[in-house]
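Here are my notes from a pass through the model, in the order I would look at things. Please keep the viewer open as you read.

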Amino acid sequence: MRLSVPPVCSLGGEAPSRRRTLNRRPAARPPQHPRAWSRVVLVSNSAGETRALGAQLALLASGDETLALSGPLGAGKTCLVQGVGRALGIRRPISSPSFVLMKRYRGRFPLTHWDWYRLADRSDLESCGFADPQVGPGLVVIEWAERFLDQIERPFVQIEITPTGRHSRRLRFQVRGRSPRLSRFIRDLRDWWVSRHCAEHAQRPGDAQ
Ligand SMILES: Nc1ncnc2c1ncn2[C@@H]1O[C@H](COP(=O)(O)OP(=O)(O)O)[C@@H](O)[C@H]1O
Ligand SMILES: [Mg+2]
């Protein structure tokens with residue numbers, strides 16, 4: 001005897017058991033690893049906010065990270081490094097080391113600040129001794145890192161700063177290479193940024209109805 005199979009979209013009535021079996025999917029397995037954060041995008045609306053972000057970066061850092069900054073002139077790369085320096089307790093004023101290429105500062109941990117704007121090619125990078133200080137202890141921050149991104153030892157955090165208005169900047173943090181520790185680092189930065197903004201929003205007069 002042949003059984004007639006009801007159409008799939010029929011209302012009421014039970015679908016034939018063969019169809020149920022075909023549609024059954026294995027239950028979703030819990031992920032083996034927590035989701036890795038490899039990218040975070042934040043928006044800063046003032047130079048002060050960018051400095052605060054830099055300061056928080058330094059507070060969350062272990063002191064052996066490399067931060068590769070990219071973005072056009074005036075994007076706020078040095079501004080971010082000034083915040084880093086403030087949180088490390090560095091008293092010396094921080095400016096772009098465009099002419100000297102590199103400056104080292106002593107703080108809670110050492111800070112090495114590079115500026116690759118004037119480097120013409122890879123041989124310049126080799127002769128300026130980039131490889132030496134990078135293997136030394138401390139936090140390494142590189143302005144104009146996009147010029148030789150492939151020369152930076154992974155894993156590192158790339159920070160692309162894009163001006164989106166007179167005072168607004170989009171900061172895109174991306175972990176280059178696999179590093180659960182750096183993924184946590186940028187996730188913690190994002191969490192801090194969100195809680196800071198929620199707190200500010202809650203305090204804003206006129207928000208309370
Ligand atoms: N949201 C912002 N973040 C960073 N800098 C900002 C911001 N808004 C305005 N600015 C201004 O932009 C300039 C950034 O300069 P700087 O940090 O030296 O840039 P870069 O090192 O990328 O060339 C500063 O004059 C700063 O006051
Ligand atoms: Mg600069």
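1. Start with helix H3 (77-87). Its buried residues pack against H2, strand S2 (66-70), strand S3 (102-105), strand S4 (111-115), strand S5 (139-143) and strand S6 (156-163). Helices (H or I, at least four residues) and strands (E, at least two) are DSSP runs, numbered from the N terminus. Contact here means C-beta atoms, placed from the backbone, within 7 Å.

2. How much of H3 is covered? Eight of its 11 residues are buried, namely Lys77, Thr78, Cys79, Leu80, Val81, Gly83, Val84 and Gly85. A residue counts as buried if 20 or more other C-beta atoms lie within 10 Å of its own, as exposed if 12 or fewer do, and as partly exposed in between, with C-beta atoms placed from the backbone. Just after H3, Gly89 has a positive phi of about 80°.

3. Some housekeeping before going on. This is a predicted model: local features need pLDDT of at least 70, side-chain atom pairs count only at pLDDT 80 or more, and totals for chains, interfaces and linings use all residues. Residues are numbered from 1 along each chain as its sequence is written, while chains are lettered from A and ligands numbered from 1 in the order in which they are written.

4. On confidence, the mean pLDDT of the chain is 84, and 78% of its residues reach 70 or more. Over residues 1-22 the pLDDT is below 50, and beyond near neighbours in sequence this stretch has three contacts in the model. The pLDDT is the predictor's confidence in each residue, from 0 to 100.

5. Now the ligand. Of the 19 residues around ligand 1, Thr50, Gly76, Lys77, Thr78 and Cys79 come nearest; a residue is near if its C-beta atom, placed from the backbone, lies within 6 Å. Helix H2 (47-60) and H3 each supply at least two residues of this shell. By class, the shell has four nonpolar, 11 polar and four charged residues. The classes are Ala, Val, Leu, Ile, Met, Phe, Trp, Tyr, Cys and Pro as nonpolar, Asp, Glu, Lys and Arg as charged, and the others, Gly among them, as polar.

6. Next, S4 and its partners. All five residues of S4 are buried: Leu111, His113 and Asp115 point one way, and Thr112 and Trp114 the other. S3 and S4 pair in the antiparallel sense over four bridges and form a hairpin with five residues between them; Tyr105 stands opposite Leu111. S4 and S5 run parallel, joined by five bridges. Strands pair if DSSP finds at least two bridges between them.

7. Which residue of S5 is the bridge partner of Trp114? That is Ile142, which is buried, with 29 other C-beta atoms within 10 Å. Not counting residues up to four places away in sequence, Ile142 touches Ala68, Leu69, Trp114 and Trp116. Ile142 and Thr66 are 76 residues apart in sequence but 7.8 Å apart in space, C-alpha to C-alpha.

8. Most residues other than glycine have a negative phi, and most peptide bonds are trans. Leu101, in the loop between H3 and S3, has a positive phi near 70° and is partly exposed, with 18 other C-beta atoms within 10 Å. Trp144 has a positive phi of about 60° and counts as buried, with 21 C-beta neighbours inside 10 Å. The peptide bond from Arg154 to Pro155 is cis, with omega near 0°.

Note on methods. Contact = placed C-beta atoms within 7 Å.
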